[in-house]
Structure formats: C-alpha cells, structure tokens
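This report treats nonpolar packing, aromatic pairs and salt bridges in turn. Please keep the sequence and the coordinates at hand while reading.

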Amino acid sequence: MAVKRSIVLIVSFLLFITSQAANAQVIFKELASGEETNKNYNFFEESSSRKIINLNGNWSVYFSDDQAKKKSKVSVPSFFEGEDELVFEKSFELNQKQLSASNFEIYFLGLSYSADIAINNSLIYRHSGGDFPFSFLLPKDLLRYDKKNVVSVKITSNLDSENTIPVKQRFLTPTQMRGIFRDVYIRVVPNIFISSFQSEYKYLSGQNRFKYSANVKIENKNFKTQTDSIGKTSLFEINYSIISESDKSVLASASSTVQIPKGKEKASALSFDISPNVWSPEFPNIYLARVQVYQDGNLIDEVIKRISFYNITSGKDSLFLNGKSFQLKGVTYIPSNETLGAILPFSKMEEELKIIKEIGFNSVRFAYNTPHPYMLALCEQYGLLAFVELPLNSIPESIIETQNYLTRSKNYLNHFSQAFADYSAIAGFGLGTGYNSGKGATDIFIKELARGLKRPKPLLVYASFSSINDTEIPELDLYGFEFLNNSFSKFEDSFNSVIDLVGKGKYFVSEAGYIANLGSSSGYTNDFTLEAQAYYFNQLLNFSDENYYAGYFLHTMFDYRSQYHSIISGYDKEKIIKLGILGENRNLNRITYKVIQAKLNNLEKVTIPLGVKKDDSPMIFIIFGLVLALLVGFLVNTGRKFREDSSRALLRPYNFYADIRDLRIMSGIHTTILTLLVSAVMALITSSVLYYFRTEIIFEKILLAFGGESIMKGMSFLTWQPIYALGILTILFIVLILVLTVIVKLGSLFVMNRVFTSNAYFAVSWSFLPIVLTIPAAIVLYRILHADLVNIYLFILLIFFGLWVIYRIIKGIYVIYDVRPSTVYLYSLLIIFGFVGAIVFYFQQTSLMVEYILHFIK
C-alpha cells in the first residue's frame, strides 16, 4: 500500500510540473510608461517632405503555434524571456489621400533574431537574422484605407552553435534581446521619392581636401499623372548641397536634371572637391548632406543626412587622424538598463555618452552588441570615434572553415555594414573577437570578410585576437588583442612580440578588462577588487603613455547583465558581469573611475592603497573537514565491528565482498554512516576544486561548450557558495551511491547467483572506503591548490583515487555475482563508455561540444 501511495504521489507531482510548464507565460520586460521616444527620428535623416507614423506602443502578441491565436497586449520596444516563437501584430490607419499620394517605408531599428513580416496576412519580407536596423517599402496594393492595416512580425529568437550569428556559446556576452526591442516606425514618402542616398568621400593627400561623391536613386511611382504636351515625362531637377550644421552656411552645391518615366528608377551621381573643417574629438564639426528633388519649381522630396569629414589611417609606427599622430583612448560600451538590458530611453543614451566623454575617452567600442543608431549620432555630436563589430565571438575553426558559414558571414557583413553606412562617427569596423591567429582557416576567414567590406569613407578594418602567432594579414588595418584578468607582464610580453611583426601603429588593445567582483577592499594586493582593477588600468595607461602604439579600449564602461550566470564574475542572481569602470548605479565615486579620469585629464594623481592581502580560503572547508575527521576517529575508536570491517574492506577486499555474497553479518548502520561520510568527503573535495577554479577563464569556457544556461547557473552557484555546495554535493553523491546500488541490483537479474538489494548496497558503499583516507588532504586542499606548487600531482592523485574506487566497485560486483572477472570488466567498461558516449553524443548534436572545447583549449 505504501509503495502504491508513493507511486501515486510521484505521478501526481510529475503531472503538476507538466501542467505548470504547459501553462508557463512568456515574461516581457519593457520601458515604464511615459519614457520618451524620438518621434521624428531625425538622427537618421531629416526631411520637410516626409512624415512619420510611429508604431511604438501597444502591440498584440500570441504564440505562433496557437491555433486559437489567444492574444495578449505588450508594449514595443520590449523583450521577452523564453524560447517560444511569437507573432507580434500592430494595426495602423491610412486615409485615401495618403494612400494615393504616398509610399510607405517601414523601419525596424532592432529585433532578434529572425523574422517573417506580413502586411494584412500577406508575407512581404523575410529577415534572415541579426539585430541590426533594416527597412523596406510596403507594397501599396496590399494596403487599405477603408479599414485598419495590420503588420505581423513572426519572430524566432533561438540561437544555435553553427548557423546563427552570433552563436549560442558566447563568452561574457550581454543578455540576448528577444523580440522587437527597438523602435518601429513607418516613413511616409511622396510617390516620386529619393529611394537611396549614399555619400562617399576620400581624403586627397597633400591637398587638405576631400573628394565628395553622392549617389542618389529616385523612383517614380506617380502612376496617376499625365504626360506633358509633347508626350514626355517632366524633367526632375536634383540639387545637392553640403551645409554646415552650426551656422547653416553652404560649403558646396551642385545640380543635375534627370528624366524618370513612371514606374522607373533612375540613378544620379555627382562628385566635387570640398575643403571642410575636419571633424575631430576636440572639434566635432558636423555638416548636412542635402538632396532635393524639384519638378516644375516645386519641391517633391528632400533628404538631409549628417556627415562629418575626417581621415583616419594606420601606419607602421603610429595611427593618424587628419594627418596627425593619434592614439585611441577608448572604452567598450555595452548598454545595460538593469532588468531591461539594452532597452534605454533616448535621454539615458545621451547621459551614458556624456559620462564617457567627460572621463576623457575619445573612442567608444560597441562590442558584443549592435549599437542603437541614435548612439552613433551622439558619438558624432560629442566627438567620439565609434568602433562597431560583427557579433562573431570565438568561433571554432571547424565551423568557420565551412563554405556555408563563410557565406552566411559575408551576407551578414553586407547587411550589417549597409545598416550603418550613413553614420560618420564609425571609424573602425571589427570582423569579430576571440580569434586565434596563425591558423589557416581563421586567417582565410578574416581575409575573405575584409575583402568583402565596402568602405564609403576612410575606415579602419580590424579583428580582435585572444592569441596571436607569427603571422600577418595584409587586409587588416589594425590588430586588436584581448586581455582579461591577465598579469600586466603578459601584456608587455605580447606587445613586445607583436610590434616587430606589424608595427606599433597597427597594434591596439581591443579589450583590456579586469573583473572586480569582490568590491572594495583595503588595497590592490587583494585580487578582483575595485582597487586591483584601478591599479590594473593605471598600469595600462602608464604603459600607453610610454609606448605610443595605436591605442586601447578598456573593458567595459559599465557593469552589465549577461545571458548566463558567469563563474569568473561571481555568482549573481541578476547575472551581472562586474567588469565596469562604473556599476549599474553609475555612482561616480568608484576608485577606478577617479583614477582613469585623473589620468586622462592630467588631474592630480589618485592614490591607490596597497592594502593587506586577505586570506580567501573559506573556513567552512576546514570546519567541515575537521568534523568529518572527528567522526571517523570516533567510529574507529569506539566501534570494534566498524574497525574490523574497514580493515578487511581496505586490505582484503576480495574476502570482504565474499562475506557480503555469503550473507555474513554486516552492519547496515555502519554502512549508512560510511555512505554519508564518503559522500561528504567527496563533496568537500569537489567543492574545494570548484572554488579553486572559480577564477579560471578556461573552466568557464569549457562549461559554456555544453551550451546550457542551466548548467552555468548551477555550476556558478556551487562554485561561489561553498556552504550550500557542501550540502548539495553531499546529497548528490548519496544519490549516486544509491543509483549505483540499483544498477548493481538490476545487473544481478542476468546472473545465476541471487543478489539481494542489501548486498548491492553494502558492496557499492564499502567500495568508496578509500575516499576516507583523503580527509587530511581534503581539509587543506584549497590552500594547497591556491599555492599552485604541486597541483598537477594533486590532480593525478585524485584521479588515482577515483580509478581505485571504480576498480573496487567492479571487483565487488563480480564477487557478489560469483562470475568471471573478465565478463564484469567487459560489461562495466561498455556501460561506462556507453554512458559517457551518450552524453558526448547528445551535447555534440545539440551544441557541438567537442569542437568548442577543443577551440577554447587551443
């Protein structure tokens, strides 16, 4: 009866969990009501002939596989947590005059990851993937004026390990923004409109002039007009002008005429030499590039875009801006609005860049995220060079060497670069991070991407490397190098080994970061504190002043929230990555901020205290180990039976297992105590090893290779919470012993000898007896590992004890089964290899685990 009752309870519990999962709600996060949006979107373009229909605000959303289409209300911009495929819908109205006299171009400033977009139930556009801005013209024949129009966006947000850009396994990357997380609007344009306006310029060396080129396409969709008296379409006059944004003076102008039949598109190109006031971080001179289309003296359409003129190049010995030696002094910016991730109101974006400018930086690197277009406009306004990057991060060679991934990357690069072609602040374009140079497939991949990038203006093309060998990639203007928590001597060694290869002018630190997850302390001698972080950056800035290379980007300006629970950054419920010069609260009193600001602005030096180094060894390890040692001593000294059984099990295991087989008297209490004891000792050893690895980058990357956020969350918690880890791991090891007992019992069904459950339990539990011998070492294991003197021998010893236990389990099995040892060894090895193989196969199929582990180790 009790067994039946237990089964009923278990089934009921499983049904409850299943029902809860089935009824789980997707969680949306959005800006508070009242947060402003930029209704004019004039940072993108200005025009007196165009209007905006803002589609932000309330949208309907439902699951794509929901036949009933049960809809909920959600605000856009927003993002959701979950892996479901959702459909977003928004209705808008047009009157008959609008529909007759205008065309409609829809803009998405950011959604993730891929989308099928429909208008009035007709699929019109497929976004293949990426969170960069894009736009397209809505087909007029599908639009209605007699009823509401409905735009539908079906979004798939899941990433994988080999096809998506970015991939699923991304190291210390920010929260993935799922859904429509940036503005959506429709730009209403006339029937005769400028469909494309692209500006290009080149610096004329030695003349202090620029050759400006404008490429314009004009489309005539005005099908209701009549031809003129001679049967020809009217001529259109196109006026070009470059205007100073500050005083509205005209720097240059030109005009041309074209004839555009109805239903046709005509291109017009024009170029001329100009001598503008060049843009620089100190003097951000901005101009307006204006194109106007006239017909019979009437303005038909107009587009005005911001443009700035400067020339940035890399030489063997220096970087040059407008012909003068220049050094990048930048910082990585990853937007983080606490629980809202990258969703920031426009006012907040401006505040962020003001802080960056005021601290003294002249450059901003938008890494691991696609910048909001408004941020790029602000960079131009405040005098900050912008560096944008493809979201390619530590891709294994086995993936990037495939033609499929190269083609995907080229297509992504084409769309990504086009999306930001009009933003003059962009001075550098990155082809990805985490590369290992000197590898044939990697170098070829970078070369192919660099060759496919179009440069409408002077632009530095770079790639960021986690390691570099004796190789050169001529297609790159800059080589970036990444450093995280490294000793400064490693940075100096890297610098000295590379400058002879590529030159100081082509070397820059693309990412120098130091995690400060322990907060404030007495001084910088305590690792991973704010003082240690300040000292690290201070060393880098001093080195940069003494060795004038291309520059650096400190990583990062603010703490941010990650997609997963990081280990090296410390366990945090909110997944906060504590790399920032400032925290999420933007408190300017941080010592790191003060040190950098003083250094970059030549202010009075800020003293970083030396402090007294603290012992970071958790006392719980020693206390827990001593309790276990006392328990063992008590059992050995007070229990003759336990002492005799322990001696026989350890020194004469065959005879001991034979006693179990022959049903000799065994103490169940002693066996259970031993089970608890060895489980606790294994928990102590495991917890100590995990705590030692908590700052090891390679440990986190190997775990990332499995591709599971739940794995990272559990391991991060166990690594940083030793008290809880000891309890949880003890329970897990007890469960392991019980599972092995069940397996041994089930295996006995295939042999002649009868094996009771108690026999299996005794044999398995006492097989772990050698673990008790490790208690003295387990007590101080973390301290020994932290000393880093005999670590390799310690790990070999732990492996030896593990193999010893496995050997004893197998011996116990063939003794109590009373069968030939070779048979048990064979099947045991088959089961072990089969189990491990199944795990590897599963994670290889779902996450390409093997490829990523090998890549990270390399």
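In which helix does Leu803 lie? Leu803 belongs to helix α21 of what is a predicted model. With a relative accessible area of 53%, Leu803 is exposed, because the cut-off for that class is over 50%.

**Nonpolar surface and cores**

Leu803 is one of the residues that make a nonpolar surface patch of about 860 Å², together with Ile799, Ile806, Leu829, Ile832, Phe833, Phe835, Val836 and Ile839. Helices α21 (791–817) and α22 (821–847) each supply at least two residues of this patch, and α22 gives the most, with 6 residues.

Helix α21 also takes part in covering another helix: the buried residues of α13 are covered by elements including α12 (640–651), α18 (757–767) and α21. Those buried residues of α13 (residues 653–661) are Pro653, Phe656, Tyr657, Ala658, Asp659 and Ile660. After α13 comes Leu663, which has a positive phi, near 65°.

In soluble globular proteins, nonpolar side chains tend to be buried together. In this model the largest nonpolar core has 100 residues, and Phe361, Met557 and Ile581 have the most contacts inside it. A second, separate core of 77 residues includes Leu484, Leu677, Trp720 and Ile810. Not counting residues up to four places away in sequence, Met557 touches Val331, Thr332, Ile355, Ile356, Ile359, Phe361, Gly580, Ile581, Leu582 and Tyr593.

Phe28, found in strand β1, counts as partly exposed at 23% relative accessibility. Beyond four places in sequence, Phe28 touches Val61, Val74, Ser78, Phe79, Phe80, Leu86 and Phe88.

**Aromatic pairs**

The structure holds 63 aromatic pairs. Among them is the edge-to-face pair of Phe44 and Tyr107, with 5.3 Å centre to centre and 75° between the planes. Phe44 lies in the loop between β1 (27–30) and β2 (51–54) and Tyr107 in strand β7 (residues 102–108), so this pair ties together parts that are 63 residues apart in sequence. Both Phe44 and Tyr107 are buried.

Tyr571 and Phe717 also form an edge-to-face pair, at 5.2 Å centre to centre and 80° between the planes. The pair links the loop between β34 (560–561) and β35 (576–577), which holds Tyr571, to helix α16 (residues 709–720), which holds Phe717, across 146 residues. Phe717 counts as partly exposed, at 22% relative accessibility. One aromatic cluster is formed by Tyr405, Tyr435, Phe445, Phe465, Tyr479, Phe481, Tyr507, Phe543 and Tyr549.

**Salt bridges**

The count comes to 32 salt bridges. Three of these pairs are listed below.

| Lys211 | Asp273 | 3.8 Å |

Lys613 is exposed, with a relative accessible area of 52%, whereas Asp527 is partly exposed, at 40%.

Arg451 and Glu448 both lie in helix α7 (residues 440–452), 3 residues apart, about one turn of the helix. Arg451 counts as exposed at 54% relative accessibility, and Glu448 as partly exposed at 23%. Elsewhere, Glu45, Arg50, Arg187 and Asp301 are linked in a network of salt bridges.

Technical notes:
Residues numbered from 1 in each chain as written. Predicted model: local features only at pLDDT ≥ 70, side-chain atom pairs only at ≥ 80, totals over all residues. Heavy atoms only, no water. Patch = residues over 30% accessible without salt bridge, like charges linked within 9 Å, V, L, I, M, F, W, Y side chains within 5 Å. Areas by Shrake-Rupley, 256 points an atom, 1.4 Å probe, with all protein chains shown as cover. Salt bridge = Lys/Arg side-chain N within 4 Å of Asp/Glu carboxyl O. Helix = DSSP H or I, 4+ residues; strand = E, 2+ residues; numbered from the N terminus. Buried < 20%, exposed > 50% of the residue type's maximum accessible area, 1.4 Å probe, protein only. Contact = heavy atoms within 4.5 Å. Core = buried A, V, L, I, M, F, W, Y, C linked by side-chain atoms within 4.5 Å. Phe/Tyr/Trp six-rings, centres within 6.5 Å; stacked < 30°, edge-to-face > 60°.
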